[in-house]
Amino acid sequence: MQVFTLFEGSYSVDATKKFVPFDPAKDNPKDRPASLFIHVQPFLVKLKDSLVLIDTGLGYSNEKGQLILHENIRKAGFDPDDVDLVLMSHLHFDHSGGMVHNQDGKMDLSFPNATYVIQRGEWEAAFTNTSSSYRTEIFDFLQRNAQLRFIEDSGSLTTEISYELTGAHTPFHQVFLLSDGKDTIFFGGDVLPEPEELVKKFIAKYDYDGRKAMELREKFGQQAAAENWNCLFYHGKSRTTGHVTLNDGQFKITD
């Protein structure tokens, strides 16, 4: 089992929910007041018989008009057309924008040969939620053109992939465990988006249920330490992957 971080970039986000590229080498955060600064990085996992993408980023293009996500997958040594499964933790735009490639007013499936795996409740809520975090034009296009697999509650997708409905960040947010019998990968989506959120115990205003999210981070941190999970951090700044140790009630992330 191989894991590849597909770094899409750093961005600032303010109340408008627009993701503006941010380069810390030349941009001043003081010029973007009341903004949240985040990294965006989907993950590609090569299992024995399948190629799996976990969340899809913003779907932004490079200067040549190519999807950054496609560019990064090719740099990892794979063809985007060979992606078998696209696992979606939830459908906020910074996680779902890359499900499609929107260029010059034309929309195409980013992964035409893949099956997109989505919690049914998240899919249904995305069409009725008035938040600008959801872009329904993407979901309309997927509904007409993509291979969709809707799952419910918690369970197993394959012998190597299981999912758990967590809620907390959104009412139907889910996390994933991938295992080849030897190693286990945990993807916590936006319930555990950064390693620092394991170390610091806090209730985030951006979560649907901040207290539950905080409690889930503690739960997953303990499991990760006990079972030697390799954790993938979608918004991680200091590191994107790592194993967890727990000593005297304190979590630490190691390589």
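Begin by selecting Glu 194, which counts as buried at 16% relative accessibility. The model under view is a predicted one. Lys 237 is partly exposed, at 41% relative accessibility.

Proceed to Glu 218 and Lys 201, whose side chains meet in a salt bridge at 3.6 Å, N to O. Because Glu 218 belongs to helix H6 (residues 210–227) and Lys 201 to the loop between H5 and H6, the pair ties together parts 17 residues apart in sequence. Glu 218 is partly exposed, with a relative accessible area of 24%, whereas Lys 201 counts as exposed at 51%.

Then select Asp 108 and Lys 106, which form a salt bridge with the closest N and O atoms 2.7 Å apart. Asp 108 is partly exposed at 34% relative accessibility, and Lys 106 is partly exposed at 47%. The structure holds eight salt bridges.

Finally, turn to the largest pocket, which holds about 680 Å³ of space. Select Lys 17, Leu 36, His 92, His 169 and Tyr 206, the closest to its centre of the 31 lining residues. Strand E4 (36–40) and helix H2 (93–96) each give two or more residues to this lining, and E4 gives the most, with three. By class, the lining comprises 14 nonpolar, eight polar and nine charged residues.

Terms used: Residues numbered from 1 in each chain as written. Predicted model: local features only at pLDDT ≥ 70, side-chain atom pairs only at ≥ 80, totals over all residues. Heavy atoms only, no water. 1 Å grid on protein atoms, 1.4 Å probe; cavity = no way out; pocket = protein on both sides within 12 Å on 5 of 7 lines; lining within 4 Å. Points joined across faces, edges and corners; volume = space filled by probe spheres on them. Helix = DSSP H or I, 4+ residues; strand = E, 2+ residues; numbered from the N terminus. Nonpolar A, V, L, I, M, F, W, Y, C, P; charged D, E, K, R; others polar. Salt bridge = Lys/Arg side-chain N within 4 Å of Asp/Glu carboxyl O. Buried < 20%, exposed > 50% of the residue type's maximum accessible area, 1.4 Å probe, protein only.
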